[in-house]
Each structure stands twice: as structure tokens, then as C-alpha cells.
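Here's a quick tour of a fold, taken from the sheet to the cores and then to the rings. Have a look at the structure first.

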Amino acid sequence: MSQPLIQTVNLKKYFNTPRGMLHAVDDVNLTINRGQTLGVVGESGCGKSTLGRVLLRLLDATSGQILYNGEDILKYNKAQVKKMRAEMQMIFQDPYASLNPRMTVSEIIAEPIRIMKTITDPTEINKKVFSLMNTVGLAGRLVNAYPHELDGGRRQRIGMARALAVDPKFIVCDEPVSALDVSIQAQILNLLMDLQRDMGLTYMFITHDLSVVRHISDNIAVMYLGQCVELCSARELFENPLHPYTKALLAAIPVPDLDHKMGEIIKGEVTSPIEPPAGCRFASRCKYACDACRGQALPFTEVTPGHFVMCRRCTEGTLPQE
């Protein structure tokens with residue numbers, strides 16, 4: 001059985017705004033097993049990317065714990081954080097904005113090696129760069145090319161090679177294929193899965209595309225306004241979704257069939273993430289919401305083995321079956 005590599009305990013990230021505290025990540029509890037992929041899905045603004053950045057300490061958490069191999073990395077000092085950077089990396093969403101336009105492909109890939117000083121001999125660094133380019137499917141002739149000379153797929157491969165340069169164990173993939181053509185998306189997804197198999201990598205895969213997350217994930221977490229509202233295996237989520245928000249997301253997946261009828265559109269006002277009231281944050285848009293859904297904190301409950309949900313009616317067994 002896989003052992004947990006990453007765990008969060010009541011993790012919170014709030015931003016101070018003129019109108020109050022914005023609850024970007026609010027009391028999130030997740031576990032990512034070693035060698036597996038946790039998909040994180042939800043609509044724009046739900047806190048997916050913020051969660052990924054907090055896990056890597058690119059943003060400071062407001063409170064809670066982030067356990068990496070059982071150690072709380074929020075207590076790390078500056079030297080420990082630098083060492084941790086070699087084991088936890090990120091692939092960014094925009095394959096152009098995340099690359100320095102003044103650096104060549106080889107310079108971009110070699111940069112983390114030089115910063116972390118994992119290799120100091122220039123000849124060995126060059127060998128490592130060519131090896132990484134070969135690993136991610138970049139032709140050696142592109143070694144002196146600049147990002148603007150390449151298409152989106154190749155740029156994203158540069159970002160992947162850069163992330164792999166210091167031999168990490170955990171990678172946050174922040175919508176790495178959303179800016180790419182569909183055919184290129186498939187190539188990048190297959191490459192990520194091959195790298196995971198060959199190198200034993202652990203991923204957090206952030207996306208808004210449920211068809212993509214189903215293809216790559218072992219487990220899936222559904223986020224809504226900073227909270228994780230459902231968490232289970234990928235197969236269980238698609239076969240037996242419980243939370244009304246999850247059901248609405250699945251119903252919105254496009255189907256290439258002219259006779260297919262779209263599911264019911266979610267109605268109602270989105271709850272403000274600034275100082276949100278206690279209770280279910282989806283209640284204002286949920287047709288099944290009742291008085292018990294509002295005014296009091298909801299527990300994140302395991303309703304069946306490995307299937308967690310934050311919905312009072314689900315846990316009480318009073319949610320109507322469709």
C-alpha cells in the first residue's frame with residue numbers, strides 16, 4: 001500500500017483585503033500517497049492554484065500543517081526550505097510566461113541545477129541538460145533556442161525538464177495543458193504519466209477539465225470557494241458522485257452527441273469568499289439546501305470507505321436520489 005508523501009491538516013490561506021479576509025484556502029485536509037496523483041478540480045477562483053502554491057511554500061500559510069514525509073514544512077527554517085525546494089517542484093500553467101525570454105533552452109533547464117548546486121562541473125551540467133531534453137522529448141538541436149521560437153508544446157516540455165532538473169519527488173502541475181491544443185495535451189499527459197511510472201513521481205494535478213483529471217488521477221479532490229467538498233478515488237467520483245456541486249460539474253462535461261441534453265444549470269448567487277458565513281458555501285446555489293445547511297460548520301465526513309464529502313444532507317442520507 002502506498003505511503004502518504006504529502007498531508008495537509010486544517011490548512012488555511014487567507015488574504016487581507018479592504019473588505020475583509022478572503023478565504024482562499026479554508027481548512028483543507030488532503031493526503032497524497034507516494035507515487036500517485038491527486039487531481040484537484042473546481043471552477044475558477046475556488047483556490048486550486050493557491051493550494052498548490054501554499055504546499056510548496058511559494059505562499060505562506062495562514063495556519064494549519066503541511067506534512068512532507070511526516071515533517072511539518074511550515075516549521076522549516078530558511079536552509080531547510082532551500083533543501084526542500086529540490087524535492088518539491090512546480091509546472092506552471094502558462095508555458096510562455098513561466099520561462100525567461102532572455103534565456104536559451106539549456107540555460108533555463110540548467111538554472112535550478114546551478115542554484116541548488118546539485119552538479120557543479122559545467123560539462124556534467126551540459127550532459128544533464130541534454131539527458132533531460134531527451135527525457136521530455138525535446139530535440140537536442142533546440143538547446144540554444146529561445147522560448148519565443150518554439151510552440152506551446154515544446155515550451156511546456158522545457159518547463160517539465162526544468163522541474164525535473166533537481167530530481168524532485170513531488171511536483172505540483174498547475175493546469176499544465178490548459179493552454180495547449182488538444183493533440184498536444186494528450187502528448188503532455190502521456191509524458192507526465194510515463195515520467196511518473198519511470199521515476200516514481202508524486203503529483204498534485206490542478207485542472208478545471210474533468211475529462212483530463214479522470215485520465216491521469218488516482219484520487220480526486222473537488223474544491224469550492226476554498227474548501228474541499230468531496231474527495232475519493234477517480235473511479236468512485238465518476239461512478240458515484242455525492243456532493244450536488246460535483247454532480248453539477250460532471251453534468252456540464254461536453255458530450256459529442258447532438259441528442260444529448262445538458263444537465264440542469266446551476267442557479268443562484270455565488271457566496272462571497274470574503275468573510276463567508278458558517279455552513280455550506282454552495283447552499284445559495286443548491287436546490288437541495290435546507291436550514292441545517294446554513295449557520296453552522298460542516299464536517300468533512302467519510303460516508304463510505306475512502307469517500308469523503310462536506311454535505312450535511314449526504315452524511316444524513318437525506319439527499320434525494322436522481
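## The sheet

Before we get to who faces whom, one cut-off: two strands count as paired if DSSP finds at least two bridges between them. Keep in mind that this is a predicted model. With that in hand, 4 bridges join β7 to strand β8 (residues 170–174), and the two run parallel. Within that pairing, M88 stands opposite F170 in β8.

Zooming out, the open sheet has 8 strands in the order β7-β8-β9-β4-β10-β11-β13-β12, and the pairing is mixed. At the edges sit β7 (88–91) and β12 (301–304), each pairing on one side only. From one strand to the next, the twist averages 20 degrees.

A helix packs on this sheet too: α1 (residues 48–55) touches β4 (37–41), β7, β8, β9 (202–206) and β10 (219–224). The direction of α1 makes about 150 degrees with that of β9.

## Two nonpolar cores

In soluble globular proteins, nonpolar side chains tend to be buried together. Which residues of the largest nonpolar core touch the most other members? Out of its 38 residues, they are I109, M133, I158, M160 and L192. Elements giving two or more residues to this core are α3 (105–116), α4 (122–135), α5 (152–164), β8, α6 (182–199), β9 and α7 (210–216).

M133 is a handy one to click on. Leaving aside residues up to four places away in sequence, M133 touches V105, I109, L138, A139, G140, L142 and V143. There's also a second, separate core of 30 residues, and its members include I6, C46, I66 and M204.

## Aromatic pairs

The structure holds 4 aromatic pairs. One of them is Y224 with F282: the ring centres are 5.2 Å apart and the planes sit at 85 degrees, so this pair is edge-to-face. Why does the pair tie together parts that are 58 residues apart in sequence? Because Y224 lies in strand β10, while F282 lies in the loop between α9 (244–251) and β12.

Are these two buried or exposed? Both Y224 and F282 are buried.

## Charges over rings

The charged end of K13 sits over the ring of F15, 4.9 Å from the ring centre. Over at F238, R214 lies over the face of the ring, at 4.4 Å from its centre.

How values were computed: Residues numbered from 1 in each chain as written. Predicted model: local features only at pLDDT ≥ 70, side-chain atom pairs only at ≥ 80, totals over all residues. Heavy atoms only, no water. Axes fitted to C-alpha atoms, helices over the stretch in contact; angles between N-to-C directions. Contact = heavy atoms within 4.5 Å. Core = buried A, V, L, I, M, F, W, Y, C linked by side-chain atoms within 4.5 Å. Buried < 20%, exposed > 50% of the residue type's maximum accessible area, 1.4 Å probe, protein only. Phe/Tyr/Trp six-rings, centres within 6.5 Å; stacked < 30°, edge-to-face > 60°. Lys NZ or Arg CZ within 6 Å of the ring centre and 35° of its normal.
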